Amino acid sequence: MKNIPIDNVRNFALMGHTGSGKTSLIDSMLFKLGQVDRVGSPENGTSVADWTEEEKAHKISIWAKPFDGVYTAASRKIRRLVMIDTPGFADFIGHKICAAEITDAALITIDASAGIQVGTQRAWKSAEKRNLPRGIAVTCLDKDDTSFDEILLEIKERWGDGRCIPMVLPTSDGKAVDILNTPTDQVPDEIKDRVKAIKDHLIELAAETDDKLIEKYFNGEELTADEFSEGLRKSVHDAHLIPVFATSVKADMGVKETMDSISRLFPSPHDYPVSCAEGNQISADEDQPFSGQVWRCFNDAFIGQMTFIRIYSGVLKPGMEVYNPIKGQKEKISTILYVDGKKTTEAQEAKAGDIVALTKLKHTFLNDSLCAVGSDIRFEPIVFPSPVTAYAVEPKNKADADKIGQALHRATAEDPSIRFEHNTETHELVLWGMGDMHLEVTLEHIRNRSNVEMTHHTPKVAYKETITGSGEGHYKHKKQSGGRGQYGECYIRIRPKSEEDPDWFLNKIVGGAIPGGFIPACEKGFVEGLENGPLVGSKVINVQVELYDGSYHDVDSSEVAFKIAGSRALHEAIEKSSPVLLEPIMNVRVIVPEQFMGDISGLLNTKRGRILGMGPEDGLQAIDADVPQSEMFKFCSELRSITSGQGSFEMDFARYEQVPAHLASKVIEQAKSAQQD
């Protein structure tokens, strides 16, 4: 495969709504590429693409996976097709984002029986974000009551009548016509006029890509075959032409024709150059210094750590030493692999445009860059959405406790949208993801790969406390037990601190009431005292502490004594200053089809949400609201249930606000009961 010129390479990602036929289309293409001896099926567990235990169990794609094959087009030209299957389920959007970032084009699938769905729109936005050239495959045309023309009309209304042009048309006898490759005398009479009209429009689009061609077109001269072909490629590259293909895997209709169109119309790595983080364009040539970006890591049970990289320039060979400018470390290249699902083929070299896996890298992980030693080529990191759902996890038994940290680190290294943290305020290990399904699959994956069992429950809320009034506190720490004693006395005042005030601690001691050497000890006592509030034991924030008086003993005073005195005085002052409980408020953005607006607005209101605004967004409706975090832990499953999986949301921390009194009393009561237990 390495002998195929880079101009004949086509890197593209298949994206779309879950169940829209991406994986089935990949399986069919792999069969036609000669990679497999039969067409697999995700439904019966024989898919080459969905090969992991988790994917077979759930019958959905979970991870982005590359496939690589050589294709002889109808024109007899040899093309290399490198395609990445991506998950359509919303929870696994991180892998879709990775694929969109490192490929040169996107093939978006639409189930003819369902039309444009939320996942379709997400796929479109991922491609549009990078201005990726794209095509659309209308799938499942073998299903009852499906119409290619109805879906085509929906596509044109959503994304442009003048640029969304059918390139593979279905016929009444269940076959497909490739508009570019089918001779006129072989086009069925039923679509002959339509094909001619489409070709005329395509000639116009091709001519518009070049001043000389448009002049030739207006002069009534015919474009040559090469001019026409290159003009269409340029039009697709600029997203002025979105080719639409009619397909059915089960009926074996339109798949080969779609592959022909992709090989003819989609850009090569030369056509879609990238820029490094410094803004310099990287030329996709073999004679340039090597550079590439890591877009996925995966720990294989047999191979070990596999680091997937898109090579943007130069040549990579086993035994080479390369440089990771992000980590400032050199790496020795051991093995280079072409990956087709779970099948791997060792390569003697990889070059610009290739998507390969490297083994046994020690310092290189997701979003790292690699380049030739002596170079410093870095690529912008891939940006992922913030996770929205959390589980508090703990090992099922003591044996698993020793392995849980490593297992979670491995899971986050493999999945860019999984995060875990040890919450120092709630003392819980919290696993964050994009939804309940995402977290459940992650725990399954950990159990299957690392043999670590975990239980989970809803995380505790990291409440905080503050004061609404002012108060004074006093404490004299005096202890005598033979020999040197302990003595320290503090008088303090506290008040609410505004965000504009930079000073939380004010030293107002005069006349040496407390020697200067003991002031830092008092301050340490205040810091410790603020860590455990009187209501639920949470951290106290937005408080200004003024130390204005005290006393000391020439012999018995010590730093420890003043630290204790400061902490106790602070607790007394807080209890006199009308303490209140604060809860985290999240800024939530919900995207749903219009028919669910009323239901979702009502749901947010029941969750004490404040709706800030709503309006159209890419054919859907967006609702912006502020909602307490305590109400959001089940929102993902509730949203999915109400919208039948068509809704999605994003969530970020906004601020802390006071908990309503009737709810605060319940939280305080529960906290006290837990302390007694």
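Colleague: Which side chain does lysine 234 meet in a salt bridge?

Modeller: Please note that this is a predicted model. In it, the side chain of lysine 234 forms a salt bridge with that of aspartate 238, at 2.6 Å from N to O.

Colleague: Is lysine 234 buried or partly exposed? And what about aspartate 238?

Modeller: Lysine 234 is partly exposed, its relative accessible area being 36%. Aspartate 238 is also partly exposed, with a value of 24%.

Colleague: How many salt bridges does the structure hold?

Modeller: The structure holds 37 salt bridges.

Colleague: Let us take another one. What does arginine 589 pair with?

Modeller: One partner of arginine 589 is glutamate 617, and their side chains meet in a salt bridge of 2.3 Å, N to O. This pair links distant parts of the chain, since arginine 589 belongs to strand 30 (residues 579-592) and glutamate 617 to strand 31 (residues 610-617), 28 residues apart.

Colleague: You said "one partner". What is the salt bridge between arginine 589 and aspartate 624 like?

Modeller: The closest N and O atoms of arginine 589 and aspartate 624 are 2.7 Å apart. This pair too links distant parts of the chain, with arginine 589 in strand 30 and aspartate 624 in strand 32 (residues 620-628), 35 residues apart. Aspartate 624 is partly exposed, at a relative accessible area of 23%.

Colleague: Which residues make up the network of salt bridges there?

Modeller: The network links Lys125, Arg589, Glu617 and Asp624.

Colleague: Changing topic to helices: at what angle do helix 6 and helix 8 pack?

Modeller: Helix 6 (residues 189-207) and helix 8 (residues 225-237) pack at about 75°, and their axes are 7 Å apart. The angle therefore makes helix 6 roughly perpendicular to helix 8.

Colleague: Which residues meet in that contact?

Modeller: From helix 6, Leu202, Ile203, Leu205 and Ala206 meet Phe228, Gly231, Leu232 and Ser235 of helix 8.

Colleague: And how many of the contact residues are nonpolar, polar or charged?

Modeller: The contact of helix 6 with helix 8 has six nonpolar residues, two polar ones and no charged ones.

Technical notes: Residues numbered from 1 in each chain as written. Predicted model: local features only at pLDDT ≥ 70, side-chain atom pairs only at ≥ 80, totals over all residues. Heavy atoms only, no water. Salt bridge = Lys/Arg side-chain N within 4 Å of Asp/Glu carboxyl O. Buried < 20%, exposed > 50% of the residue type's maximum accessible area, 1.4 Å probe, protein only. Helix = DSSP H or I, 4+ residues; strand = E, 2+ residues; numbered from the N terminus. Axes fitted to C-alpha atoms, helices over the stretch in contact; angles between N-to-C directions. Parallel < 35°, antiparallel > 145°, perpendicular 65-115°, else oblique. Contact = heavy atoms within 4.5 Å. Nonpolar A, V, L, I, M, F, W, Y, C, P; charged D, E, K, R; others polar.
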